[in-house]
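Dear colleague,

I am handing over the structure below, together with some notes on what was found in it. Please keep it open while you read, as the notes move from the whole chain to single residues.

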Amino acid sequence: MLFSWEEVHWVLLDLDGTLLDKHFDDYFWETLVPEEFARRHGLSAAAARHEVFARYQRQEGTLNWTDIDFWSEELGLDIPALKESIRHLIEVHPEVEEFLQFLRGLGKKVVLVTNAHWRVLNLKMEQTGLVGYFDQVVSSFDLGAPKEELACWQVLQQRIAFQPEHTLLVDDNAEVLAAARRYGIRYLFFKGMSSSQLAPGGHPDFPVLMNFRELM
Ligand SMILES: [Mg+2]
């Protein structure tokens with residue numbers, strides 16, 4: 001292990017891909033939404049997929065990316081209702097509850113920090129029952145900037161007064177980790193195993209965590 005838990009007072013955790021199986025979101029955005037878009041607008045599957053993916057690409061790294069109201073409007077679909085229709089597919093990564101209990105046992109401050117929109121966040125908290133493990137749950141929609149931007153961490157620190165040099169962050173998005181590093185967050189881990197349906201990934205710039213047991 002690359003650090004001592006005594007040095008860590010705050011643990012900031014991403015939600016999708018980090019605590020939850022990203023397969024839910026991948027299936028939703030890459031399969032279900034293009035299918036519904038094709039049906040709604042009378043397009044072929046291939047044409048719908050092409051159009052929808054082009055629209056996604058234009059919003060990458062912005063708050064619109066995870067803003068379901070934006071996407072309902074942009075695509076002419078009821079995104080919340082569609083999410084609700086597949087809520088049974090929301091899964092927590094297998095070792096996550098054990099890790100959250102471990103953190104509780106150590107008395108760490110545990111904060112969920114996600115780019116997820118509040119409505120999706122609420123659905124996922126309801127479905128998984130994880131909410132009781134966190135001292136705070138923060139959506140970047142409340143901070144005014146996505147986690148890929150320095151501003152997000154500045155506003156978060158004003159809100160929850162964490163000390164970056166005593167903080168550990170796990171995220172499956174390297175751009176988020178890079179912004180957190182620029183802000184001075186000291187212990188950064190890239191979650192390499194984000195989806196049960198994809199091969200695990202690595203990253204050259206950050207220590208890679210496949211399973212939370214590696215931190216326990
Ligand atoms: Mg994530």
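**Notes on the model**

Of the 216 residues of the protein chain, 38% count as buried, where a residue is buried if 20 or more other C-beta atoms lie within 10 Å of its own, exposed if 12 or fewer, and partly exposed in between, with C-beta atoms placed from the backbone. Please bear in mind that this is a predicted model, in which local features need pLDDT of at least 70 and side-chain atom pairs count only at pLDDT 80 or more, while totals for chains, interfaces and linings use all residues. Residues are numbered from 1 along each chain as its sequence is written.

**The chain as a whole**

The secondary structure of the protein chain comes to 9 helices and 6 strands; these are DSSP runs numbered from the N terminus, with helices being H or I of at least four residues and strands being E of at least two. The radius of gyration of the protein chain is 18 Å, close to the 17 Å that the globule rule gives for 216 residues, so the chain is as compact as a globular protein of that length. That radius is taken over C-alpha atoms, and the globule rule is 2.2 Å times the number of residues to the power 0.38. Along the principal axes, the C-alpha atoms fill a box of roughly 60 × 35 × 35 Å. Among contacts in the protein chain with a separation of 6 or more, 62% are between residues 24 or more positions apart, two residues being in contact if their C-beta atoms, placed from the backbone, lie within 7 Å.

**Two domains**

The domain assignment gives domain 1 (5–21 + 91–215) and domain 2 (24–88), with bounds that come from an automatic or database domain assignment. The C-alpha centres of domain 1 and domain 2 lie 25 Å apart, and 17 residues of domain 1 are in contact with 13 residues of domain 2. On the side of domain 1 that touches domain 2, α6 (118–128) and α7 (140–143) each supply at least two residues, and α6 gives the most, with 4 residues. By class, that side of domain 1 has 6 nonpolar, 5 polar and 6 charged residues; here Ala, Val, Leu, Ile, Met, Phe, Trp, Tyr, Cys and Pro count as nonpolar, Asp, Glu, Lys and Arg as charged, and the others, Gly among them, as polar.

**The sheet**

An open sheet is formed by 6 strands in the order β3-β2-β1-β4-β5-β6, and the pairing is parallel; two strands pair if DSSP finds at least two bridges between them. At the edges are β3 (136–139) and β6 (208–209), each of which pairs on one side only.

Strand β4 (residues 167–171) is joined to β1 (residues 10–13) by 4 bridges, the two running parallel. Within this pair, T167 is the bridge partner of W10, and V11 stands opposite L168. Another 4 bridges join β4 to β5 (residues 187–191), again in parallel, with Y187 as the bridge partner of L168 and F190 as that of D171.

How many residues of β4 are buried? The count is 5 of its 5 residues, and both faces are covered, with T167, L169 and D171 on one side and L168 and V170 on the other. In β5, 5 of the 5 residues are buried, so this strand is largely enclosed by the rest of the structure; Y187, F189 and K191 point one way and L188 and F190 the other way.

**Points outside the sheet**

Helix α2 (residues 45–59) has 15 residues and reaches 22 Å from its first C-alpha to its last, close to the 21 Å expected at 1.5 Å a residue, where the expected span is 1.5 Å times one less than the number of residues. After α2 comes G61, with a positive phi near 80°. A positive phi, of about 50°, is also found at A161, although A161 is not a glycine. A161 lies in the loop between α8 (150–160) and β4 and is exposed, with 9 other C-beta atoms within 10 Å.

Finally, E95 is found in the loop between α4 (79–85) and α5 (96–106) and counts as partly exposed, with 17 C-beta neighbours inside 10 Å. E95 and F212 are 117 residues apart in sequence, yet their C-alpha atoms are 6.4 Å apart in space. Leaving aside its neighbours within four places in sequence, E95 is in contact with N211, F212 and R213.

With kind regards
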